Amino acid sequence: MLNLAKALDRVEGDRELLCQLANLFEEESPKLLEGMRLAIRNRDPMLLARLAHTLKGSAANLGGEAVAAASDDMSACASRKDWPGAKEQYAILEAEMISLSAELDSQLRKVRTEAQQADARP
Amino acid sequence: MHGPESQKRRALIAEDDRVSRRVLEVFLAKWGYDVEVAENGLDALKWLEKEDAPRLAVLDWMMPGMEGVQVCRKIRAQQDRPYIYILLLTARSQKDDLLAGLDSGADDYLTKPFDSHELRARLHVGERILNLQDQLIAARDELRFRATHDSLTEVANRGAILDTLRRERARQVREGGSFGIVLADLDHFKDVNDTKGHLCGDSVLREAAERISSSVRAYDTVGRYGGEEFLIVVPSSDGQGTLGLAERIRSAIEAIPVPTKFGDVKITASLGVAVSTEDHALEPQALLQLADQALYRAKRRGRNRSELGQPSDLAKPAIARLEKPSTKCRI
């Protein structure tokens with residue numbers, strides 16, 4: 001689940017910034033995921049670990065705790081060189097990312113509207 | 001947040017994740033830092049190795065090119081540069097990671113997602129440490145200056161100018177060529193002190209030192225050798241060249257009276273010149289003796305003049321000058 005309240009708190013209530021971050025995440029995270037897929041295919045534990053670390057930090061900025069946790073588990077697979085585990089974890093991560101994306105979309109629509117309303121007030 | 005001169009403190013952010021990078025950029029700028037950004041470890045290292053590197057760095061651990069801890073290790077291995085306060089910011093959260101991070105030379109360690117208040121507070125800690133180092137450096141530089149310079153005139157002190165002379169002779173031994181020295185002694189200086197007081201004498205000495213310094217080339221060294229005596233070391237110069245320089249100094253000192261709180265004081269100087277050439281190389285002791293004899297000749301011939309010492313002069317016994325005994329040839 002998306003913990004948007006925490007995310008907003010972390011950016012000190014700056015809705016504009018939060019929207020920017022969400023947009024950046026939408027652009028970058030698919031690349032990270034794709035990189036992980038290739039790292040698993042090529043059995044590159046260092047690359048996999050680094051990408052998982054990046055995704056963990058990235059998602060955490062937006063309150064994406066499920067994605068962060070799944071990334072952490074992927075890091076663990078990488079350090080163990082557990083390739084079957086990594087493949088399973090990839091499927092989990094992919095699902096969590098889709099979920100997060102949908103939630104960001106709907107929740108941020110709310111945030112954007114709130115922001116517009118706040119601007120409109122005298 | 002701001003340094004002693006109220007300038008913005010520069011900080012480097014090294015982070016490969018665009019989202020985290022944006023958050024850091026926005027916050028650090030909001031808190032008044034002048035932010036530089038690197039997207040990988042190699043760029044981070046390049047930034048921190050620059051001569052005017054930012055002195056605060058927030059580094060992600062896992063980056064492409066080079067890990068944050070490796071950047072830390074490399075920066076710490078470099079001696080003799082202003083300290084860079086490094087904060088490792090990372091999603092790695094195991095205790096072993098914390099220890100490894102600090103071991104690599106990081107000053108602090110924060111896990112992501114960071115709390116903005118905590119990051120700000122920890123950056124302030126970093127600033128305190130950097131300010132402390134700045135104060136220490138300033139104090140050390142001042143002590144170094146005081147140890148090697150005359151406090152009244154701010155030219156080199158006696159120890160330092162004799163060191164310069166020895167070094168110049170050593171260079172001549174290695175590389176050949178010739179160099180000279182000038183001993184400049186203010187004429188009738190005792191009278192200035194006696195008639196107008198020592199404070200006036202101090203003003204005159206300061207002004208004389210200033211005029212001498214303005215007359216020499218960038219690579220000549222001026223030192224206060226005695227009460228009213230200055231020694232100038234003149235690299236890459238022969239007899240005529242050094243004598244020419246001595247004459248320039250003499251003119252500069254004589255040119256206009258020295259304005260002081262106690263009235264204008266006319267001053268002149270007598271100068272003795274000696275050179276060590278490839279054909280007639282001289283050790284510092286002999287060189288000083290020769291210059292001293294030439295100085296004595298200048299005094300005897302009416303003062304306000306320069307005289308060049310000849311190697312044959314050294315055959316003659318050293319003669320005490322009229323004003324005071326010559327105790328200056330000991331090094």
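B:Trp31 has a relative accessibility of 2% in this predicted model. Buried means under 20%, so B:Trp31 counts as buried. B:Phe27 has a value of 1%, so B:Phe27 counts as buried too.

Now look at how aromatic rings sit against one another. A pair of rings is described by two things: the distance of the centres and the angle of the planes. Over all chains, the count comes to three aromatic pairs. Take B:Phe27 and B:Trp31. Their ring centres are 5.5 Å apart, and their planes meet at 25 degrees. Planes under 30 degrees apart count as stacked, so this pair is stacked.

B:Phe27 has another partner, B:Phe114. Here the centres lie 6.5 Å apart and the planes are at 75 degrees. An angle over 60 degrees counts as edge-to-face, so B:Phe27 and B:Phe114 make an edge-to-face pair. Follow the chain to see what this pair joins. B:Phe27 is in helix H1 of chain B, residues 18–30. B:Phe114 is in the loop between strand E5 (108–111) and helix H5 (116–148) of chain B. The two residues are 87 residues apart, and their pair links distant parts of the chain. Both B:Phe27 and B:Phe114 are buried.

Terms used. Residues numbered from 1 in each chain as written. Chains lettered and ligands numbered in written order. Predicted model: local features only at pLDDT ≥ 70, side-chain atom pairs only at ≥ 80, totals over all residues. Heavy atoms only, no water. Phe/Tyr/Trp six-rings, centres within 6.5 Å; stacked < 30°, edge-to-face > 60°. Buried < 20%, exposed > 50% of the residue type's maximum accessible area, 1.4 Å probe, protein only. Helix = DSSP H or I, 4+ residues; strand = E, 2+ residues; numbered from the N terminus.
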